[in-house]
Amino acid sequence: MKNAYLPSEVEVVDRIQESPGLFTLRLRLTDVEHQNRYHFEPGQFNMLYLYGVGEIAISIVSDPSDEHIIDHTIRVVGRVTRGFDKLRPGDRLGLRGPFGRGWPMSATEQHDVVVVTGGLGCAPVVSVINYITHRRERYGHLNIVQGVKHSNDFIWRERYDQWRELPDTQVLLAADSGDALWPWHIGRVTDLFSNLSYDPERVSVMMCGPEGMMQVVVKNMLAMGVKENKMWLSMERNMQCAVGHCGHCQYGGKFICRDGPVFNYTEVKPLFSVRGF
Amino acid sequence: MKQDMNFLPRDRLQGLLDLLAAQGYRCIGPQVKDAAIVYDDIASVEQMPRGIRQTQAPGSYRLHDSGDDYLFSWANGPQAIKPLVFASEEVLWQCDADDNKQLHFTETLPEAQKIAFIGARPCDIAALYIHDRHFLQQDYRDPCYLARRQNMVLIAVNCTQPADTCFCASTGDGPGASYGFDIALTEMAEGFLLECHTETGQAITRDMQLAKAGEHTIVQADELLKQAAVQQRKLPAGNLQAVLFNNLDHQRWHEVAARCLSCGNCTAVCPTCFCHSEIERPQLDGSGSQHLRQWDSCFTPGHSYIHGITIRSDTRLRYRQWLTHKLGSWHEQYGRSGCVGCGRCITWCPVGIDLTEEVSAICMESPT
């Protein structure tokens, strides 16, 4: 059995500056055979290692059908990400993965989908949006809802513009505060929920962002007739081993790295708003 | 198994040690170091804690010399098997960068040694089996743990002198060993009742040509274990997950947090605590970098840290995490409680917090 702790070498193929302090690394395993058999599901993550500095969990944002490249969008927050920020094409790092359980993409086929993200950057659900837009005929109406604190925090404007043009797709954007050029809603993202379009009997809600925001989304969706078991969310905790051994990501009896990071709401509900777990 | 019971005179225990050494085992056994019983390499029975008794109480551990010949008339020390299979610090892998800045990752597994662990207590064997489930019987096997674990022979010594802090009888993990060992000994005045539980155990002792144990010896050993099962402390029986998680706002969490120093001693001595952190240690000469793991504790602020947020920012939340996990959500993960009743967290707590008292207060005085 392969040693799950041992990284493999990857090469930076490209680096895209998304916004100040936010960038995407496009990676390829240097072992061609390994790259060929590498497969992941939307919502899964990799452990990325910076030589001599350390290893962190980062979600995968590229499409699973792209066999040549693995994309990670990274915000500069700590020691390791500051180092990643300096990487350029040709540089090497370590990768192990993919780990965890991703979004229920098969189980939700033919459903209307509501994707709700909040806060800064929402890499774990961008993979869902990409997945659906590349397989548009398999899903019903797609609602993309994104809330940011300030309009300056909004990234990937071009992508949202493209998504807006897709058939049977609507994009709802809100900023708590924004400048004069922000053409969309100013206020809370939940203000937009009355514009959502879905069949409550055949809908799947997928969300990621700060837990306070997800609590509000759950409350609103429940009030709008969506059943608890039709909601999924991506959880985040300290992760160091990625395989359910190191203990940091425990959430009650769950290991977020192994049993998640994507959970059905019913699985996390008992502890969802309890401080300290 | 009664028919497989033999008698090992105390003066022949050295013969067992010699035999194990001759069969290529590294013998690890109990001895007194720094005023505590520790397990370390052992070649002679003379190194064992002959005549030693102990007094354990919340926040207190003392050894006394009784002057008699008993070698195992004590309960436990701060550590036993855990550090041998799950090292307090170990290198997981090494990374080297070549002149072209290409990276090379090298697996650094510990040497697989044949270890004979002499004097394993039933509680510690139960804890080892919990760690086997955690590290080996999941989707991913831990290769370092496996390398250390796979060639280990366990020679249990049943507990005839539990400490006041022991409560293994209430968790079902002692004072007698019922599984997991190759050979079990029960110490009496003249020597040991010896029971082989595995083929490995039989193979080791075959050449010793021990006499069958007499009926009187077997009855006497049974009686000793019955007496040892009478313990002052106990845990409430059954799965406490529901009752603990129904009492997350109990006043007792505030009270225990006022006493707890959040030092992590309890998690360090707990034979089932498995949390560890991964760290990076680049060589000073730039020639490479080691990736290590070290024991960690849910009582540290770093344990629950994510990008600017500490999920468990105060001691109440950390103690509650520890206890609700150990006695509650552990059932969901491993089908049993994470407590084996060894009492170490009570003894080695610098302020003498008694887990059995805390859990009783929370579970018995349920406000509902």
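Two residues are in contact if their C-beta atoms, placed from the backbone, lie within 7 Å. In chain A, 68% of the contacts with a separation of 6 or more are between residues 24 or more positions apart. The model is predicted: local features need pLDDT of at least 70, side-chain atom pairs count only at pLDDT 80 or more, and totals for chains, interfaces and linings use all residues. Residues are numbered from 1 along each chain as its sequence is written, while chains are lettered from A and ligands numbered from 1 in the order in which they are written.

**Stop 1: chain A as a whole**

Chain A has seven helices and 15 strands; helices (H or I, at least four residues) and strands (E, at least two) are DSSP runs, numbered from the N terminus. The radius of gyration of chain A is 18 Å, close to the 19 Å that the globule rule gives for 277 residues, so chain A is as compact as a globular protein of that length. This radius is taken over C-alpha atoms, and the globule rule is 2.2 Å times the number of residues to the power 0.38. Along the principal axes, the C-alpha atoms of chain A fill a box of roughly 50 × 45 × 35 Å. Of the 277 residues in chain A, 48% are buried. A residue is buried if 20 or more other C-beta atoms lie within 10 Å of its own, exposed if 12 or fewer, and partly exposed in between, with C-beta atoms placed from the backbone.

**Stop 2: a sheet of six strands**

Remain in chain A and colour strands β1 to β6. These six strands form an open antiparallel sheet in the order β4-β3-β6-β1-β2-β5; two strands pair if DSSP finds at least two bridges between them. Which strands stand at the edges? They are β4 (54-59) and β5 (70-75) of chain A, each with a single partner strand, so one side of each is left without a neighbour in the sheet. Next, select β2 (residues 22-29) of chain A, which six bridges join to β5(A) in an antiparallel arrangement. Leu27(A) has Ile70(A) as its bridge partner in β5(A).

**Stop 3: backbone details in chain A**

Most residues other than glycine have a negative phi, and most peptide bonds are trans. Select Gly97(A) and Pro98(A), which are joined by a cis peptide bond with omega of about 0 degrees; Pro98(A) is found in strand β6 of chain A. A cis peptide bond also joins Gly260(A) and Pro261(A), with omega of about 5 degrees. Pro261(A) is located in the loop between α6 (256-259) and β15 (262-264) of chain A. Now move to Trp156(A), which is not a glycine but has a positive phi of about 60 degrees. Trp156(A) is in the loop between β8 (142-150) and α4 (157-165) of chain A, and counts as partly exposed because it has 19 C-beta neighbours inside 10 Å.

**Stop 4: where the chains touch**

Show both chains. Here 36 residues of chain A are in contact with 40 residues of chain B. On the side of chain A that touches chain B, the elements giving two or more residues are β1 (8-19), β4 and β6 (92-99) of chain A. By class, this side has 13 nonpolar, 16 polar and seven charged residues. Ala, Val, Leu, Ile, Met, Phe, Trp, Tyr, Cys and Pro count as nonpolar, Asp, Glu, Lys and Arg as charged, and the others, Gly among them, as polar.

**Stop 5: chain B**

Select chain B, in which there are 13 helices and 16 strands. Its radius of gyration is 22 Å, close to the 21 Å that the globule rule gives for 368 residues, so chain B is as compact as a globular protein of that length. Buried residues make up 46% of these 368 residues.

Then pick β6 (residues 89-97) and β7 (residues 103-107) of chain B, which run antiparallel and are joined by five bridges. Trp93(B) has Glu107(B) as its bridge partner in β7(B). These strands, β6(B) and β7(B), form a hairpin with five residues between them, and Lys101(B) in the turn has a positive phi of about 65 degrees. Lys101(B) is exposed, with 10 other C-beta atoms within 10 Å.

Finally, select helix α13 (residues 355-364) of chain B, whose buried residues are Leu355(B), Thr356(B), Val359(B) and Ile362(B). Seen down the axis of α13(B), the buried residues fall within an arc of 135 degrees, so they line one face of the helix. The arc is that of the directions from the helix axis to the C-beta atoms. The cover over these buried residues includes α8 (241-245), α9 (251-259), α11 (315-334) and α12 (344-347) of chain B.
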